Amino acid sequence: MTYKKVFVDSDILLDLLLNREPFFIYSRTLLTDEIKKIIELNTSALILANVHYIISKNLNKNIAVTSVKYIMDLINVLPFGASHINSAIIANQADFEDSIQYHIAKENKCDLIVSRNIKHYKKFDIPVLNAEEFLRKIL
């Protein structure tokens, strides 16, 4: 399958920002200009809020702000609102936050979700791959 519009989950961004091995290399490769030329990469405003929170707790607030700005330069940021929350409530999935992300991706016509939390997205109709699997398919 050819992917044109991809939704990137928070764990992929945190792998890059926190240099989490062995996943860092795949996240870094995914977010390069070379990949962005062939695929539209997206994330959500909610994910950026989560990234800021986690980096603030693990490092500090200044690094968190810098990290969010850095990600905003690399990837499209999709808004979220009450409709996504309501959809996640109705879906009644195991992971509420990932359900919100799915509904944001679905509304914005993303054809793939890239995440290390594959099990949280299994019951939805958008395919999900981890960054390594995705890169092997497109490179």
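**Reading backbone angles and exposure**

Me: I'm looking at asparagine 92; does this residue count as buried or exposed?

Reply: This is a predicted model, so each value here is computed from it. The cut-off for exposed is over 50% relative accessible area. Asparagine 92 has 65% relative accessibility, so it counts as exposed.

Me: Where is asparagine 92 placed?

Reply: Look in the loop that runs between helix H6 (82-91) and helix H7 (96-107).

Me: How should I read its phi angle?

Reply: Start with the general idea: most residues other than glycine have a negative phi. In asparagine 92, phi is positive, near 50 degrees.

Me: What is phi of lysine 109, and where does this residue lie?

Reply: Phi of lysine 109 is also a positive value, near 60 degrees. You'll find lysine 109 in the loop between H7 and strand E4 (112-114). It counts as exposed because its relative accessibility is 67%.

Me: What about peptide bonds; which form does the one from glutamate 21 to proline 22 take, cis or trans?

Reply: The general idea first: most peptide bonds are trans. The bond from glutamate 21 to proline 22 is cis, and its omega is near 5 degrees. Proline 22 sits in the loop between helix H1 (10-17) and helix H2 (24-30).

Me: Can we finish with a residue in a helix? Which residues is lysine 61 in contact with, leaving aside its neighbours within four places in sequence?

Reply: With those neighbours left aside, lysine 61 is in contact with His52 and Ser56. Lysine 61 belongs to helix H5 (residues 61-74). Its relative accessibility is 59%, so lysine 61 counts as exposed.

Conventions:
Residues are numbered from 1 along each chain as its sequence is written. This is a predicted model: local features need pLDDT of at least 70, side-chain atom pairs count only at pLDDT 80 or more; totals for chains, interfaces and linings use all residues. Side-chain values use heavy atoms; hydrogens and water are left out. Helices (H or I, at least four residues) and strands (E, at least two) are DSSP runs, numbered from the N terminus. Buried means under 20% relative accessible area, exposed over 50%, partly exposed in between (1.4 Å probe, protein chains only). Contact means heavy atoms within 4.5 Å.
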